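Hello,

Here is the structure I promised to pass on. My notes follow below it.

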Amino acid sequence: LEMQKISKAWQIRKNWLNELFLNIGINEGEEWLGTFQSATSIEFAVLGDTINHAARVSDLARNGTIWATKNLVTRLSAQEREQVEFGIHRENEDGRDRFIESSYAQVQSLVDLNQGKFEKFRDIANLAITEIRRVAPRSQGF
């Protein structure tokens, strides 16, 4: 909702028709954090497979969707997982799209890795991912 507000504000400000989207990829794991110093600047860096997979999954996301690895979702407690609506879109026999809740798919089953625009996903072809559609707000106990 907030991203839609930002997009609308920029459309008005810049007098354009483009929509802005925030595509998100989430993974879980441990990484190496550090800084690199050159003669003119200091840069912060995060290195490792966890961040690389999250970045690649965010590249796969479109139109403001949130995608997460199975690794992340299975690390949630049962109570936390109950609050997350996740799954995969699949096409029915009649060609219509349907959402299969609580499911995962390998990247290679979601895109054609032989197409040039999807070749960059070959390194995560076997990674199991899911789309996060909604996270229920935590109930407030009084």
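The largest nonpolar core has 15 residues. Val107, Val111, Phe121 and Ile129 have the most contacts inside it. A nonpolar core here is a set of buried Ala, Val, Leu, Ile, Met, Phe, Trp, Tyr and Cys residues joined through side-chain atoms within 4.5 Å. Buried means under 20% relative accessible area, exposed means over 50%, and partly exposed is in between (1.4 Å probe, protein chains only).

Isoleucine 129 deserves a look. Leaving aside neighbours within four places in sequence, its contacts (heavy atoms within 4.5 Å) include Val57, Leu60, Trp67 and Ala68. Ile88, Tyr104, Val107 and Leu110 are also among the residues that isoleucine 129 touches.

Some ground rules. This is a predicted model, in which local features need pLDDT of at least 70 and side-chain atom pairs count only at pLDDT 80 or more, while totals for chains, interfaces and linings use all residues. Residues are numbered from 1 along each chain as its sequence is written, and side-chain values use heavy atoms, with hydrogens and water left out.

Now the overall picture. The protein has five helices and eight strands. These are DSSP runs, numbered from the N terminus: helices are H or I with at least four residues, strands are E with at least two. From the N terminus, the order is α-β-β-β-α-β-α-α-β-β-β-α-β.

The radius of gyration is 18 Å, whereas a compact globule of 142 residues would be near 14 Å. That radius is taken over C-alpha atoms, and the globule rule is 2.2 Å times the number of residues to the power 0.38. Along the principal axes, the C-alpha atoms fill a box of roughly 60 × 55 × 40 Å.

Buried residues make up 25% of the 142 residues. Of the contacts with a separation of 6 or more, 51% come from residues 24 or more positions apart. The accessible surface is about 10600 Å², and carbon and sulfur atoms hold 49% of it. Areas come from the Shrake-Rupley method with a 1.4 Å probe; for residues, only the protein chains shown count as cover.

On charge, there are 18 positive and 20 negative side chains. The centres of the two sets lie 5 Å apart. Lys and Arg count as positive, Asp and Glu as negative; His and the chain ends are not counted. Each charge is placed at NZ of Lys, CZ of Arg, CG of Asp or CD of Glu.

A few single residues follow.

Glutamate 85 is found in strand S5 (residues 84–91). Is glutamate 85 buried or exposed? It counts as buried because its relative accessible area is 19%. Beyond four places in sequence, glutamate 85 is in contact with Phe99, Glu131, Ile132, Arg133 and Arg134.

Leucine 20 sits in the loop between helix H1 (2–14) and strand S1 (24–26). At 28% relative accessibility, leucine 20 is partly exposed. Not counting residues up to four places away, leucine 20 touches Met3, Ile6, Ser7 and Trp10. Lysine 8 is twelve residues from leucine 20 in sequence, and their C-alpha atoms are 8.4 Å apart.

Glutamate 31 belongs to the loop between S1 and strand S2 (32–37). Its relative accessibility is 23%, so glutamate 31 counts as partly exposed.

Check the backbone at two asparagines. Asparagine 15 has phi near 55°, a positive value in a residue other than glycine. It lies in the loop between H1 and S1 and is exposed, at 72% relative accessible area. Asparagine 63 also has a positive phi, about 55°. Its place is the loop between helix H2 (49–60) and strand S4 (66–69). Asparagine 63 is exposed, with a relative accessible area of 57%.

Best regards
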